[in-house]
Amino acid sequence: MPQAHTPHPGLASGTGSPGWSVDDRCTNCDVARQLAPELIDEHDGRSRVLRQPRDTAEERQLHAVAFACPTRSVRPATGRLDPAWDPFPLPLDDDHRVRFCGHNSPHNAGANAYLVRRSDGTQMMVDTPRWSAALAARYERFGRITDVLLTHRDHAAHGRQYADHLGARLWIHEGDLDAAPDADRVLRGTEPIEIADGMVAHPLPGHTEGSVLYVADERFCFSGDSFYWSRGRGDLEVAESVTWYSIEALAASLARTAGRLRFEWLLPGHGDRKQLPAAEMVRRLGELTDRVAELRPQPVDFTAVRW
């Protein structure tokens, strides 16, 4: 018999009827709180529904959460999701240059993946959502996908499947090559390289040995798990308790790279996205670099991360 999963109920709706809930499969990946911060919060090491939606806009928010959730833990009262409510890929900026793929994969630690449109109308995929030929076809409606860019080993699942299905090139850094040994393009060393017009790869060893930032058009920074926007701190932050390779290497990478980076949008694998003027991002990145230089290694602890 299939194992039953216990719902983690939210506060009752105005009618007192059952509504949206989060079951016990939740891995606390944070994507739910990113998409609906006023409706979902963290309690006892996982997400919970804080209150039920009050209007159609909030209902859409919770459906976006449900279709992004890697464990499919977020459910309406019926227990079934209507595909008509699936909003993905979801545009993030006003001119729809970047879309959030949604459908986060449990094999990629529930990480966010993105599509970024290039000047010629093609797209690149940064990290990958869960694998589905139907999803691949949906993403490709917005432009041919020429490249699948992996930020690091933790997000390498499905890369080859998407690349082969789409006829795209698969990229990874040599430091994490064992996670995608059949990659079509291998980044090497620590110097930045323009891999396509306006798309620059910045190797950033630290979270893993082969972590990479991809910066598109000096506007969008896809940071993988190297750093993110922390809601709690209201600033740029690193997940020091899940820095697998070396916090000292991450500090050195930031010191080498921060002065070369210019972007307005921070688009991480985990943690919040954020748009700020480029000069403000530069200032905050410099301050983050100084803070990380003071950090020392600590045991890996998922529960210590505070988004």
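**Exercise 1.** Determine how many positive and negative side chains the chain has, and how far apart the centres of the two sets lie.

*Solution.* Lys and Arg count as positive and Asp and Glu as negative, while His and the chain ends are not counted. Each charge is placed at NZ of Lys, CZ of Arg, CG of Asp or CD of Glu. In this predicted model, local features need pLDDT of at least 70 and side-chain atom pairs count only at pLDDT 80 or more, whereas totals for chains, interfaces and linings use all residues. Residues are numbered from 1 along each chain as its sequence is written, and side-chain values use heavy atoms, with hydrogens and water left out.

**Exercise 2.** State the count of salt bridges, and explain which parts of the chain the pair Asp-176 and Arg-153 ties together.

*Solution.* Step 1: a salt bridge requires a side-chain nitrogen of Lys or Arg within 4 Å of a carboxyl oxygen of Asp or Glu. The count by this rule is 25.

Step 1: Because Asp-176 lies in the loop between strands E11 (169–173) and E12 (185–187), and Arg-153 in the loop between strand E10 (145–149) and helix H4 (159–166), the pair ties together parts 23 residues apart in sequence. Helices (H or I, at least four residues) and strands (E, at least two) are DSSP runs numbered from the N terminus.

Step 2: classify the partners by relative accessible area (buried under 20%, exposed over 50%, partly exposed in between; 1.4 Å probe, protein chains only). Asp-176 is buried at 0%, and Arg-153 is partly exposed at 31%.

**Exercise 3.** Classify the partners of the salt bridge between Arg-233 and Glu-237, and name the members of a salt-bridge network.

*Solution.* The N to O distance between Arg-233 and Glu-237 is 3.5 Å. Arg-233 is partly exposed at 45%, whereas Glu-237 is buried at 18%. The network links Asp-235, Glu-280, Arg-283, Arg-284, Glu-287 and Arg-291.

**Exercise 4.** Compare the radius of gyration of the chain with the value for a compact globule.

*Solution.* The radius is taken over C-alpha atoms, and the globule rule is 2.2 Å times the number of residues to the power 0.38. For 307 residues the rule gives a value near 19 Å, and the chain has 19 Å, which agrees. Buried residues make up 54% of the chain.
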